[in-house]
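Please read the report below alongside the sequence and the coordinates. It is concerned with side-chain pairs and with the elements of secondary structure that carry them.

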Amino acid sequence: MVVISSALRLTAFSSIVALCLWPASASAQSAGMGGTSGNGGAAGPGGAAGGGGVPSSSGGTGSGGADGQSGGTAAAGMSSSAGAAAGGAPAVSSNLVTNGTFDGASYEPWWGYATTTTENPADQTLAVTNGQLCATMTAAGKNVWDVGIGLSPVALKPNQYYHISFSVSADANHTIKFKTGFGADPYTDYFIKTVAVTPTAQTVDYTYLNLRDDAMAQFQFQIGKTPGTVCVDNIVIEPVPAPATPSYTTTAPSGHPFKDYKMVKMGTAVDTPIFLSNPLHNAIVAAEFSMVTPANSMKMNLIHPGVDTYDFTDTDALAAWAQTNGLEFRGHPLVWHTQAPNWLTSGTFDRDQMIAIMYDHIDKLMGHYKGRFPYWDVVNEAIDQVNGTWTYRSTFWHDRIGDDFMDLAFTHARAADPAAKLLYNDYNIEQKGNPKADKVFEVVKDLKTRGIPIDAIGFQGHYYVEPNGNTSSGVPNMQAIRDNMARYAEIGVDVQITECDFRIGKPNDASKTEIQNKFYADLLQACIDAKNCSHFTVWGLSDLDSWVPSTFPEYDYAHLFDSQLKPKADYLAMSQVFAQYNTDGTPLNPATGGMAGGSSASAGSGPGPGSSGSGSSSGGCSFASRASDSAPWLLTAFAMLGVLRSRRRSKHARC
Ligand code: XIL
């Protein structure tokens, strides 16, 4: 423990400081913080025991977070306060770690396992300086996970909340991301909110729920690649009671949260650590949304980490929460080339073996959740441009099985859970006329024609405005999206918006926000208006737990709630679209068919061919005309106003 001197003179340094709580028995193991992604560093905490001195390079701490290979989400309930004692959840008596002060001659448990990276060992130094543990980068950072420090012989208990706090300071103002992950493989890591660190020590603290019986506990933070020094001190990790659930009341102008509206089910992606750890996040999701999709926990590297090993821990916890709170669950994804385990990607399996692996994966996942998950993304992102032609993406699934891998996957998925709706899911396929969208439509139509069981197409819906304000490639043509929805209706395939977000190129400004607001409103309106679109999932609740900054570093601010979990203007824009309707989908103002005011781009751009006719049933989701559910006086009014147009039918999804 020490009062930070503002004259930390270590000037050129690292990107990341990682503190690892790690049992001594684990030091010989090779689990890195990147877990199974294969992209993180592979080594565990090597490092020399004993205090003082910079340990020799060994055992870096890899992590998948920034490479898109593992869950990068913000952590929950974190706060920081300059010079203050740890706040947040009340501590209970038995602190797990109380000796993270770096004051004595020996700095166990932290210093004993301090380590620098195996990849760029010359780039940084570690030292106990003035009673703090300091990391300094001596060259510009190359790898955000360059430094790992410390361990503790602490085993963490499952289903236990932990309060973590530490103080941090820097030689100059730095923006730092804190990241925590507990557990051996499979390892779900997550980022904590970015924090501005200054030469004045501040306490950072947060609370989260640990799900596993963890022999290895890890804790790290990254300081970014900017040269400089960051010092930590006073590290405490302690079990605490579950935090209370705060109340949340929607700010939607209608007074109705999204989930009250029956014509389009709203969902959000959630990542297990923040989702289960942040009570306000949970309260908002429960109040506003009808569906959840796990952002990462069902990715094959996490849920199927060994050829014969499945780990349902995170997804089970999410599913239980969803069930308790009345939300539907989307299974995502079954067959995908990304976030796959090393045993699969580095294997030399032939066609028959790959089919057997795929079938086993489908059986285990769909069997485990049979009857509980109504929607599954069976195949994800399988179309790509290869040598200038849009065709099957070259992946280990496609290349080792062949063009029929989708036929086999969908047919097997139908057998695994006949009640589930099966989707093909992809990005940049929303607009008719886009070459990839047209290719995907051709593939889906072909599947449908040949009787392969596919119920819906998932439009991921990831769009953006560029940092310089350019919208030419990132803002879709809404009419082309409407036309695409319509042609899927013609072939009896439903459309679900599955991963919508709209990222803003930094810096944000009012005009970019306006473009974002309009995008969300217009896409929602297009879905409401289409007879075969009744699901709209956003990819993450808030800018706090966003996947965007780590995947697209030039972008941020993509979501409906801000990093304080306050609703943003884009939330309001979507709410205003819903506010034009009664919750059963009938328009409040029949003269405008529910389209007045909220969404300029949608006016006059109803769905294309195939939208007429009364209630229809396609892909297992049946829709009834709202007219049949309306009061007689309202029907008369509609008739007089001539608004019983097919394009104004609202939908009551029955799937
Ligand atoms: C993303 C997650 O949100 C990130 O946390 C992870 O690092 C990478 O994957 N298309 C998909 C989703 O189908 O599974 C991806 O999710 C986003 C793009």
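**The chain as a whole**

The structure is a predicted model, and its protein chain has 14 helices and 27 strands. Of the 655 residues in the chain, 61% count as buried. When contacts between residues at least 6 apart in sequence are considered, 79% of them join residues at least 24 apart.

**Salt bridges**

| Salt bridge | Distance, N to O |
|---|---|
| D384 and R393 | 3.4 Å |
| R487 and D438 | 2.7 Å |
| K518 and D522 | 2.8 Å |

In the pair of D384 and R393, D384 is partly exposed at 23% relative accessibility, while R393 counts as buried at 12%.

The side chains of R487 and D438 also meet in a salt bridge. Because R487 belongs to helix α10 (residues 478-490) and D438 to helix α9 (residues 435-449), this pair ties together parts that are 49 residues apart in sequence. R487 is buried, with a relative accessible area of 10%, whereas D438 is partly exposed, with 28%.

The salt bridge of K518 and D522 lies within one helix, α11 (residues 510-529), where the two residues are 4 apart and thus separated by about one helical turn. An α-helix has 3.6 residues a turn, so residues three or four places apart point the same way. K518 is partly exposed at 36% relative accessibility, and D522 is buried at 4%. Elsewhere, salt bridges with shared partners join D407, D446 and R450 into one network.

**A hairpin and a helix**

Strand β18 (residues 383-386) and strand β19 (residues 389-392) run antiparallel and are joined by 4 bridges. Q385 has W390 in β19 as its bridge partner. The hairpin of β18 and β19 has 2 residues between the strands, and N387 takes a positive phi near 50 degrees there.

Helix α11 has 20 residues and reaches 28 Å from its first C-alpha to its last, which is close to the 28 Å expected at 1.5 Å a residue. This helix is mostly covered, with 14 of its 20 residues buried.

**Aromatic rings**

The count of aromatic pairs comes to 22. F258 and F289 form one that is edge-to-face, with 5.7 Å centre to centre and 75 degrees between the planes. F258 lies in the loop between β13 (229-240) and β14 (265-270), and F289 in the loop between α2 (279-288) and β15 (291-294), so the pair ties together parts that are 31 residues apart in sequence. F258 is buried, with a relative accessible area of 1%, and F289 likewise counts as buried at 1% relative accessibility.

How are the rings of F258 and Y571 placed to each other? Their centres are 5.0 Å apart and their planes stand at 45 degrees, so the pair is tilted. As F258 is in the loop between β13 and β14 and Y571 is in helix α13 (residues 569-578), the pair ties together parts that are 313 residues apart in sequence. Y571 counts as buried at 1% relative accessibility. One aromatic cluster is formed by Y248, F258, Y261, F289, F561, Y571 and F578.

How values were computed:
Residues numbered from 1 in each chain as written. Predicted model: local features only at pLDDT ≥ 70, side-chain atom pairs only at ≥ 80, totals over all residues. Heavy atoms only, no water. Salt bridge = Lys/Arg side-chain N within 4 Å of Asp/Glu carboxyl O. Buried < 20%, exposed > 50% of the residue type's maximum accessible area, 1.4 Å probe, protein only. Pairing = 2+ DSSP bridges. Expected span 1.5 Å × (residues − 1). Contact = heavy atoms within 4.5 Å. Phe/Tyr/Trp six-rings, centres within 6.5 Å; stacked < 30°, edge-to-face > 60°.
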